[in-house]
Amino acid sequence: MKDCCVCTIRYGMWYTEIYVINNWGRGMIYYFSGTGNSEWVAKKLANLTDDMVGSIPALMKDGPTAVVATAESKIGLVFPIYAWGVPEMVERFAKGISIQGNVYAYAVCTCGDEAGNAVKKLHSVFPYTSAWSVVMPNNYIPMFDVDSDQLAQEKVKNAGEQLTQIADHIIKKQTIYDVNAGGAAWLKSAVACPAFNSFAMRTKPFYSTDACNGCCLCEKNCPVDAIRIENGRPTWIKKNCTQCLSCINRCPQRAIEYGKGTRNKGRYYFQEGR
């Protein structure tokens, strides 16, 4: 990341990376993505704004990460909505961001339909200037099936057009709040999100079927290193994960399930031009 300074300090047993972003060069967009929706949004925005992009899980793999945004810099967070809430990893990362000076900070969330009160709650730890929600294809198959190909294509097309507008707002550093919270937003975020974080992130219901060929893709893509291939099959070695469902949706053999809820459901991950 040539347009920011990087320092490494010792913190207990961890080495902490500190990224200092200033107005010497381009802004920075940090994203979290399991099946590719938010990654595509982040990279498309980076291309349109000529800013840099970085993966939150990749930055946090070796321990705590802190970011200092100074002067006239720009910093953005792009992430999916999980049960009308912000993913815990994103919230932890956001708490490590220090905004100093006249910084233009913004948040862009992706969701199947609505965001609830998630983005408003994020403001308490990440004081953004602007925020948007972008509708993308559904991928949480334990509760819902995937969108039809036609609907998925329509969502991506509309999202692309919206991102062009969002990028223009970011370049001009305009103050915008365009988030579709949906009905009963406070109730959904206050009840469903804590329940999801407490109970739905358990890895015990994950299992692989005999269709597994030991390709190791699930292990490679897991953002929290919760999967290890043992005897040619995936084993979930942590009690909890992020529930990004990358392992299920990206499995080329469709060999991973989560309890009974994902059986006979479609699979989705973002593919350009799909």
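Me: What is the mean pLDDT of the protein?
Reply: The mean is 90, and 90% of the residues reach 70 or more; pLDDT is the predictor's confidence in each residue, from 0 to 100. Over residues 5-16 the pLDDT is below 50, and this stretch has 27 contacts in the model beyond near neighbours in sequence. A contact means heavy atoms within 4.5 Å.

Me: And how should a low stretch be read?
Reply: Where pLDDT is low, the predicted coordinates should not be read in detail.

Me: Pockets next. What volume does the largest pocket have?
Reply: About 630 Å³. A pocket here is an open set of points on a 1 Å grid over the protein atoms alone, where a 1.4 Å probe fits, with protein on both sides within 12 Å along at least five of seven lines; lining residues have an atom within 4 Å of a point. Grid points are joined across faces, edges and corners, and the volume is the space filled by probe spheres set on the points.

Me: Which residues are closest to the centre of the largest pocket?
Reply: Of its 32 lining residues, those are Ile81, Ala83, Gly112, Asn138 and Tyr140. Helix H1 (37-49), strand E8 (104-111) and helix H6 (185-200) each give two or more residues to the lining, and H6 has the largest share, three residues. Helices (H or I, at least four residues) and strands (E, at least two) are DSSP runs, numbered from the N terminus.

Me: What about the second largest pocket?
Reply: The second largest pocket holds about 470 Å³ of space. Its lining has 22 residues, and Met60, Met89, Arg92, Val224 and Lys238 are the closest to its centre. The largest share of this lining, three residues, comes from H3.

Me: Stay on H3. Which of its residues are buried?
Reply: Met89, Val90, Phe93 and Ala94 are buried in H3. Buried means under 20% relative accessible area, exposed over 50%, and partly exposed in between (1.4 Å probe, protein chains only). Seen down the axis of H3, the buried residues fall within an arc of 135°, so they line one face of the helix. That arc is the one of the directions from the helix axis to the C-beta atoms.

Me: What do they pack against?
Reply: Against strand E3 (28-31), H2, strand E5 (65-69), strand E6 (74-80), strand E7 (97-99) and helix H4 (118-122).

Me: New topic: tyrosine 104. Buried or exposed?
Reply: Tyrosine 104, in strand E8, is buried, with a relative accessible area of 4%. Its C-alpha atom is separated by 6.4 Å from that of lysine 173, which is 69 residues apart along the chain. Not counting residues up to four places away in sequence, tyrosine 104 touches residues including Ser73, Trp132, His169 and Lys173.

Me: Where is alanine 184 found, and what is its phi near?
Reply: Alanine 184 is in the loop between strand E10 (177-178) and H6. Its phi is near 50°, a positive value in a residue other than glycine. At 49% relative accessibility, alanine 184 counts as partly exposed.

Technical notes: Residues are numbered from 1 along each chain as its sequence is written. This is a predicted model: local features need pLDDT of at least 70, side-chain atom pairs count only at pLDDT 80 or more; totals for chains, interfaces and linings use all residues. Side-chain values use heavy atoms; hydrogens and water are left out.
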